[in-house]
Amino acid sequence: MARPVIDCAWTQALAEPGMQVPAPGRAGFRRWLPCLAVLLFAAIHAMADTPVGLAKPEKITVYPATVVLSSVRARVRLVVTGYYADGQQRDLSRAAAYALEKTGVARLDGAVLLPVADGATRLIVSAGGLRVLVPIEVANQAKPDPVRFHAEVLAVLTRQGCNAGSCHGAPEGKGGFALSMLAYAPRIDAESLIHGGQGRRVEPLEPIDSLLLKKPLLQVTHVGGKKLRKTDIAYSVLRDWIGEGARPDAANAATCAKIVVYPAGSRVLRLPSPGQQVSVLAHFSDGQVRDVTPIATFASTNQEVATVDGSGLVTGLRRGLSAVTVRYLDFVESVYFTVEEQVAGFVWNNPPERNRIDQLVHAKLRQMQVPPSPPCDDATFLRRIHLDLTGLLPTAVQARAFLADKGAGKRDTLIDTLLASDEFARFWAGKTADLMRLNRETMKEGRAELFAQWLAKSLRENQPFDQFVCAMLTALGDTRQVGATNFLAAIPKNEDAAETTAQLFMGSRINCAKCHNHPFENWTQDDYYRIAAVFARVDRANGQLAVAPAGEVIHPVSSKVMAPWGASNAVVRPLSGVPPGDSRRDQFAAWLARPGNAYFARVEANRLWAGLLARGIVHPVDDFRSTNPPSNPELLDWLAGEFERTGFDRKHLIRQICQSATYQRSSAALPLNANDATLFSHHTVRRLSAEQLQDAIGYATRTLKPVEESRGSEEARRSELAELEGKLAGERPGWIRAQLPEPLEGPNETGCRQSAWWHAGPFPEPDYATATRTAYPPEKSLDLAGPLPGGLRWSRHPEWVDGKSHEFSPRLAGAQYVTRQIHNCQAGKAVMTFGSDDGLRVWLDGKLVIDKPQPRGIAPDQDKLEVDLPVGAHTLLVKVIGAGGYSGFYFRLASFNGQPPGQAGSLVAELVATPPEQWTPAQRRLVVEAHEVTVPRIAQLRLELRQLELRADYHTQRYIPEQSEFLQAFGQPRRESPCSCERTSEPTLDQALQILNGALVSARTRAGGGVYAGLPDDNLLVEELYLSALCRLPSPAERGKLLAFIRAKQNRAEALQDLVWAVLNLREFLFQH
Amino acid sequence: MPVNRRNFIGLGVAGLSSLAIPGPGVASGRPARAKRVLVLFEQGGLSHIDTFDPKPDMPSEHASPFRPIRTRVPGIQLTSLLTRTAEHIDKLAIIRCMTQPTPGISNSHPKGGQYVLSGETPGGPEEMPDIGSVVSLRLGTMARHLPGYIMVPGTGEVTNRELDVSTVGFLPPAHKCFKTRGQPNRPGWTVPNLGLLGLDERRFKDRTDLLGTLDLGIPGVQAADTQALVALRDQAEDMLTNAATRRAFDLAIEPMGLRERYGLGHRGQCYLVGRKLIESGVRFVTLDCREPPAGEFPGGSNMNWDHHDFIYSKGSTEIRGGGAGAGRWGIGTWPMMGSTDQAFSALLGDLHDRGLLAETLVCLVTEFGRTPRINERKGRDHWTHAFSIAMAGAGVPGGQVIGSTDSEGGYITSPIAYTLDDYAATVYEKLGIDRSRPVFTPANRPIMLAKNGNPIPEVM
């Protein structure tokens, strides 16, 4: 077994004082002479190679610091790094000179060490006048080392691109030859390579006749073209593997446990730069470490900034940031390269910094030599901040006031005002709702509104973001009552719930890993199904979000039951009396929101940033992965840290961003920052979103009244309602007293009323006889308000009307109880009929009157009961014993004294026998409702408030978006996926047609012309128009053109329409800048 | 400027007009035989044994009352419902061995419709865009004053929202299907957004002149989106005012004799609009033009080919005890096969006369066929084992029948069978689109075109 050689190897080398070789001329030099003759020359040569103007390094390191060559095919590439006084690190691998102390043990091929024979020696590396010794050990040279299938053959197939998704890695393969994408399924690949294609893919007796070689070499036709050269290392790997018999790996073959990439993390290349060699070492489960640099796969995410070749040599091209990604089998690591370059004419003028954000943005701008644009003017800021925080334009009145305000803190004040507004909460909740499938098709029966209201409330009250997310992930309850339940209730499949959760809150698009390992990231199929397992016990039946007693996720390939992803330690719910939660979801939420989770605070901080700066620091915002680096990692780290530090305070973070000089910069570019799109040197211009645009058209044409007016009417009605409710509450005891005697004394048309049914169950019991025999608590005492064992409660079911079968849920074997009161004001004969599935027992006023415990299927009128009822309240208790599967009951009060019975479910009849202090909260609510019905104004106010609260006329404020051709043309999402990409912002022809000539613009233009015609003079008119649409006054030149246009037209009404139309079509109007 | 997806789209927008010459989307291997494609999507599942696949030897209780007729090509028969079409048999390849193997699609018109439009079974990990959208992306437009992918009129979803199955999927919205809407046979028919709304051209010009002097952009801003918008605005202005745009939709300028040849009803005039758009250089045109609900055809609330009930009714298919098949008229009536036979034959003749057929691929397609047996409601239900489609133009060898079914039209008897994936692959390759080059989703996932299909060799 080989010695591990890797971690922090160079520090070890430096830590050993003996490793530093004495400089030439010192004592002991002679001993080195035999092998140093060549070295000396090489070192001098290397010095000449060092870039001009660069000082000598303060130290050099060699990676790896010790080398073990433990197989005949082992090879190790050395990376030499120089450390300079100014903090730079440069790759000196190609400039360094290498020599071996002893010949016959190892040999050198450039900076690559190869074995010769078992033994030990040392390598002398010199660069920049410094020297490092690297111990070398060579072993196992007499032993064969056959090519390994997974670790080498599949690695080179990945490297050559053979198993890419667009080639043989496609699900259906290509040309009849299929491989698993990026080798996620080695066994299937072995089968396909060794036995597939009628066995012609590999010819062990004559390897070079194998189709696996001939096709990519283009010796025979290959649709994919030439993919292999005989000089490629892949060629020899494949040829040797075939020649050795083309065998799959033995069952106990060592597997790769991790890879270590050098340099780790990040590196700066200052141009002109010699580039940077990357080294990849694979650690195997048997303890061996192999240099897999030549068979790993390299890619650069930004090839204009840096390129990487097949040997892992990175070359910087121009200033910028690029991630270099290393893939070896299932392992993906990235190294972030920042390329610096001197830019002619760049001067840093120390622009003002408002807060930490600016310091961090400036640091990056300065490093990249990109100057920031100056601050924007007040009008631009006003329009920008209103649109960003509320979605709406300011009114002309607000614009005039803000522009006239000479106060120094007016921008901060405005930010605070807008953050506190209802409009902020609604607009930002809409952004979240876009990603949560919040539409009326998915969330029916008022659930969409309920959920939208909950989202807005969370923002209005600035609920800490971790609590907000956990509330959704761990929600339980009725989806028509608990808003947060609808997030999960809307996603019927566990896999979708996993994908949605990962994309929304972890910024990760894991969906690729459903079928194969993620092509750009280290999410594996196992990870995917572990996250899916978090949701395996979500029970979405009957409009409830509950915990299913069982449920697992099975890995589709390995068929293993997946352990749910989450915190390993159990989480105890803090509230007592709350039914136990879904421990899988609870633990996942605990893991997710735990401080320091790299997948949480950073993701939301980045989303908030992108919502304001038009672009994420990681972009797109839901695509966090090592191959998609943040454009300013320090900035993102700080934002995430600040978010965590303040208890996930969303408004705080938004305020910090809006106050920053970075946010308040002009969108006008400077010559030296015009090409920057990622470092926030100037504000990004973007088209108004579909909803912003429609509202802005309403505001600019003055055909949509300012939202403040709606809010005003809402507040007036709210206070009137509160007053009425308060008054009624005071009158309630008297009202109740007045109600209660009525059914007892005054006869009604039939003399008999029924309360609604109340239900409790199931009392689960698989054994039918036991369930029949056992007297559960309802048989002992009927307390509708009290608790029952097993977390059961009595629930009221006014919808269970007479003459129909009613099913119990969930479908569990055991006993179910329903009860109701029959209240008659005169004595008489009642005829009742029953049905049940399965057995039935009925008590009237505590006396068993029907006893049919035998299992049966349900039918109407299976049993009939005729009784004489004295005046008063009577209690009917029905027990249904279910044997499993469907269980339900049927009841009909057929007649009372030969007359059809009165309406079921009368509240008063139900409550009459119960003293008010024993009413349940549900019953109390019913009483209040019944009382309030007596004042029609209350219902009217509630209706109006509901209309106002919906803000249906304001598309940025509505709870549920309107679907219209206009909004869809401008990219309104259909809310069917959690992807922020569902909202599109690309300009399209359809948009141009809509804005030039669409029905909405035409109508608003006509109406708006009429509104502006009402203004007394044209000067004021053009000012108001510009203030309403653009938040600024027209320039003298614009004023002149506008007035001249009005004067030149004979028809003033038409002229004004044309004017309004032109303003709506201005780019300054259509874009936020 | 780094080339990312956004910029790529920006280039696409700016370069719309310059893409008339097939760009890099075209395969080096197979030359393009079609410049344009006209798809006649007859939605609902057209009964193959009543039209393209006659079965003279069926037992009479289940036989079609429409008897086989001879065509000019010996051995090829159609039913009497295609009497006029039969005159163009020399141009037509009738594919009788279409089949739809995927379970779950057979009973769903929305999914079946999506399958026809996208060429791929719906329900995969990525929603596949319409073939027309992919063509628009790959080949660009030849007529800058018109949208690149148009559906006439595309009003199916007006009666049934579920039938809004056209999708641009993951492609940029610029390649979305443009639906004309409305009823072209009605006087005064206009295409929304392509005619000036309540304005004359002089006033529109006044407005755009004013806008030209006022719109100086955003000071100091050269953002690609603002520039793209101006380019698109120019194009939109052109569409709104270019006489060629209006002419492309203006049926009044067509000779009355020709209009009558197509049939003056809804379907005939839709087919004529299809021809006009092809002639105007639109790359991809789809007709989805069942007769709209009208007093003229009582009971015809949903006039597609979904003849579950009373398929041979002389009028409405509404029958006592019927259900799923209500809302149509019998297959032999005028608004159904009568108008279809007339419009299809007129179209083939007209395209041929104008020399357009050589470079236009015409495909009459449907989702599936109908049962060989007549059900108890005198209708025919969905049948996916075998159905027929027809192709013409763009080098499709005419006068041939491809594949065969058994004596009842129930199962394919020929050694060959094709799917809608093969149909899609045929369309792509006829256009010279290199299917070995994928299109990419925004997340950079490569998506192959008609990946489960191969071009139908008999028509290539």
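Two residues are in contact if their C-beta atoms, placed from the backbone, lie within 7 Å. I keep that rule at hand for these entries. The model I am reading is predicted.

**Entry: α8 and α9 of chain A**

I began with helix α8 of chain A, residues 378–390. Which residues of α8(A) meet α9(A)? I found A:D378, A:A379 and A:L382 on the α8(A) side. On the α9(A) side I found A:A399, A:F402 and A:L403. Sorted by type, the residues of this contact are five nonpolar, no polar and one charged.

Next I looked up the geometry. Helix α9 of chain A covers residues 396–404. The two helices pack at an angle of about 135°, and their axes are 10 Å apart. Angles over 145 degrees would count as roughly antiparallel, and 65 to 115 as roughly perpendicular. The pair is therefore oblique. I noted the crossing of α8(A) and α9(A) as right-handed.

**Entry: α8 and α10 of chain A**

I stayed with α8(A) and turned to helix α10 of chain A, residues 410–419. Here the angle is about 20°, with the axes 10 Å apart. Angles under 35 degrees count as roughly parallel, so α8(A) and α10(A) are roughly parallel to each other. This crossing is right-handed.

From α8(A), the contact uses A:F381, A:I385, A:H386, A:L389 and A:T390. From α10(A), I listed A:R411, A:L414, A:I415, A:L418 and A:L419. By type, I wrote down seven nonpolar, two polar and one charged.

**Entry: chain A as a whole**

I stepped back to see the chain. Chain A has 35 helices and 36 strands. Its C-alpha trace spans about 125 × 90 × 60 Å along its principal axes. How many of its 1073 residues count as buried? The figure I noted is 45%. I also checked contacts between residues at least 6 apart in sequence. Of these, 69% join residues at least 24 apart.

**Entry: where chain A touches chain B**

I then looked up the two chains together. On chain A, 44 residues are in contact with 46 residues of chain B. Several helices of chain A each supply at least two residues to this side: α30, α31, α33, α34 and α35. Which helix gives the largest share? It is α30(A), with six residues. The chain A side divides into 19 nonpolar, 15 polar and 10 charged residues.

**Entry: A:C981**

I picked one cysteine to follow. A:C981 sits in the loop between α29 and α30 of chain A. Is A:C981 buried, exposed or partly exposed? I noted 18 other C-beta atoms within 10 Å. A residue needs 20 or more to be buried, and 12 or fewer to be exposed. A:C981 is therefore partly exposed.

I left aside its neighbours within four places in sequence, and found A:C981 in contact with A:P620 and B:P442. I also checked A:R267, which is 714 residues away along the chain. The C-alpha atoms of A:C981 and A:R267 are separated by 32 Å.

**Entry: α6 of chain B**

My last stop was helix α6 of chain B, residues 201–214. At 1.5 Å a residue, its 14 residues should span 20 Å. The end C-alpha atoms are 20 Å apart, which agrees. Its buried residues are B:D206, B:R207, B:T208, B:L210 and B:L211. What do these buried residues pack against? I found α33 and α34 of chain A, together with α7 of chain B.

Technical notes. Residues numbered from 1 in each chain as written. Chains lettered and ligands numbered in written order. Predicted model: local features only at pLDDT ≥ 70, side-chain atom pairs only at ≥ 80, totals over all residues. Helix = DSSP H or I, 4+ residues; strand = E, 2+ residues; numbered from the N terminus. Expected span 1.5 Å × (residues − 1). Axes fitted to C-alpha atoms, helices over the stretch in contact; angles between N-to-C directions. Left-handed = near helix turned anticlockwise from the far one by under 90°. Nonpolar A, V, L, I, M, F, W, Y, C, P; charged D, E, K, R; others polar.
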